[in-house]
Amino acid sequence: MFMARFKILNNMLGRTGAVDAGASVASFPAARAGFHNTAELPVKAVEILKSRGLTGEQVDAMGWYAHPKIGDPNVARGKKVLAEEGMVDAFALVEPMLGNRTLDGTLRQVDVLNGCAHHCDTCCVDAPFPSTMFTYDSLVRLFDDTRFIQMLQNSLRFGAVGDILNHPQGVEIVSIALESTRGTVDTVKIYTNYRRHTEDKIDALIELAGQNADRLKVIISLPLNRRDNVNFAFQEYVRNRPQYFDVSGLSTWEDGMYFFFGDGPRLDNIVVQDVRHPRLLFRTGRVLSDAALKGRVESHDFVDPETSGATHGQSSLVKTYLNPDALWLKIYATIANSHTTSTYTVLTADKLGVLTYLQWHPDFPIPPRWQGGGGVEERSYGRPRLTGTPKPVVVADKK
Ligand code: SF4
């Protein structure tokens, strides 16, 4: 189906312009051997690449994946096997691209594992199980390299398709990132999804946030699972830590979002997100079963796979992303292109020569040497909008 679509696009768009001198398109490796494309590139992005002289087949051959993971996303590796066989040298992985000035000021999202071990029932990014992770030592070397620091944007986020606390040295990695980017990166953001077994590490992150109030932001998320026991366990965690959290400040929103703790914690740079909601908000990626969704109130303001397919306002906009499988280019897509509304391709110097003509996501700083410049987000595609002011609630008792 993918190839047929590109044949149609080829006919529609034709070939215009010449191949950019920096792009040896003939040398693009075929999509990773044995792994077929699992997503498509949105039409506008295809159009831009064709305007640089690529054929649909060449675009296809770059390899496009719904997950930033090479390999079977559904195979879980045990902790022991991961530690023995899944270790990746971060420096060696990124080294071929270090010093490539096109990438100056591009990178703001890093995961230290190539997936997420939490496997929530609902996950917008449909995070695969991790099968590889960066070694701590190699991250120390990478963050010590000025060429890598030059590659970073003004804000660095750990936790996009994974949780840094799945890494045995996750908190130490946050410390080295903070230290080595002092003076160049304004904010380091950590997204972690609370679990009982990570409580000690979350405590350590909160302590670190207290010591780096001006630079470290910790976002503690709670899952949207079939059962709310993780959410209830978190409420207990909060109650047991009055030194960090002001329970009287817990609040929800007038439209019914449950326990949105944004104003609750005593530390301004700790945010808690509980995404449970009586209205249905998420229908992308991995979602709850029909049975679990039964009883939720549907809303007109959600991402519906059947009606939002062609109009994703961020479609074709790009940014980069690093995990132990690769340095990736992420392209925002429609749900018709990818069930995670993103499509990823492994970034190599050859591909970069032409991929740099795609348009950068305008929510983030436009990298100084990115040829495509910034794009325009055409319209919101149904993100939940919070209306009204937060009002205090009594924290629900454990059920
Ligand atoms: S929602 Fe977050 S914590 Fe849950 S599986 Fe997805 S990436 Fe992991």
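Biologist: Which residue stands opposite Phe158 in E5?

Modeller: Ile190 in E5 stands opposite Phe158. Before we go on, this is a predicted model: local features need pLDDT of at least 70, side-chain atom pairs count only at pLDDT 80 or more, and totals for chains, interfaces and linings use all residues. Residues are numbered from 1 along each chain as its sequence is written, and side-chain values use heavy atoms, with hydrogens and water left out.

Biologist: In which sense do E4 and E5 run, and how many bridges join them?

Modeller: Strands of a sheet pair through backbone hydrogen bonds, either parallel or antiparallel. Here two strands pair if DSSP finds at least two bridges between them. E4 and E5 run parallel, joined by four bridges. E6 and E8 also pair in the parallel sense, over five bridges. Ser221 stands opposite Gln273 in E8.

Biologist: In what order do the strands of the sheet lie?

Modeller: Eight strands form an open sheet, ordered E8-E6-E5-E4-E2-E9-E10-E11, with mixed pairing. The edges are strand E8 (270-274) and strand E11 (342-346), each pairing on one side only. From one strand to the next, the twist averages 25°. Helix H9 (residues 199-211) packs on this sheet and touches E5, strand E6 (216-222) and E8. The direction of H9 makes about 150° with that of E6. For such angles, axes are lines fitted to C-alpha atoms, for helices over the stretch in contact, and the angles run from 0 to 180 degrees between N-to-C directions. Contact means heavy atoms within 4.5 Å.

Biologist: E8 is an edge strand. How many of the residues of E8 are buried?

Modeller: Buried means under 20% relative accessible area, exposed over 50%, and partly exposed in between (1.4 Å probe, protein chains only). Four of the five residues of E8 are buried, so E8 is largely enclosed by the rest of the structure. Across the protein, buried residues make up 54% of the 399 residues.

Biologist: What about the helices: is H10 mostly covered or mostly open?

Modeller: H10 is mostly covered, with eight of its 11 residues buried. Among them are Val230, Phe232, Ala233 and Val238. The cover over the buried residues of H10 includes H9, E6 and E8. Helix H8 (residues 170-180) has buried residues too, including Val171, Ile173 and Leu178. The buried residues of H8 pack against helix H6 (136-143), E4, E5, H9 and E6.

Biologist: How many aromatic pairs are there?

Modeller: Rings of Phe, Tyr and Trp (its six-membered ring) pair if their centres lie within 6.5 Å; planes under 30 degrees apart count as stacked, over 60 as edge-to-face and the rest as tilted. The count comes to 12 aromatic pairs. Take Phe234 and Phe245: their ring centres are 6.3 Å apart and their planes lie at 80°, so the pair is edge-to-face. Phe234 sits in helix H10 (residues 229-239), while Phe245 is in the loop between H10 and strand E7 (251-252), 11 residues apart. Tyr237 and Phe245 make another edge-to-face pair, at 6.1 Å centre to centre with 65° between the planes. Phe234 and Phe245 are both buried, and Tyr237 is buried as well. One aromatic cluster holds Tyr194, Phe234, Tyr237, Tyr244 and Phe245.

Biologist: Which residues surround the ligand?

Modeller: Count a residue as near a molecule if one of its heavy atoms lies within 4 Å of it. Cys116, His118, His119, Cys120, Thr122, Cys123, Ala127, Asn193 and Arg286 surround the ligand.

Biologist: Where is His119, and what is its phi?

Modeller: Most residues other than glycine have a negative phi, and most peptide bonds are trans. His119 has a phi near 50°, a positive value in a residue other than glycine. His119 lies in the loop between strand E2 (107-110) and strand E3 (133-134). With a relative accessible area of 27%, His119 is partly exposed. Ser316 also has a positive phi, about 85°, although it is not a glycine. Ser316 is in the loop between helix H11 (290-293) and strand E9 (318-323). Ser316 counts as buried, at 3% relative accessibility.

Key: Helices (H or I, at least four residues) and strands (E, at least two) are DSSP runs, numbered from the N terminus.
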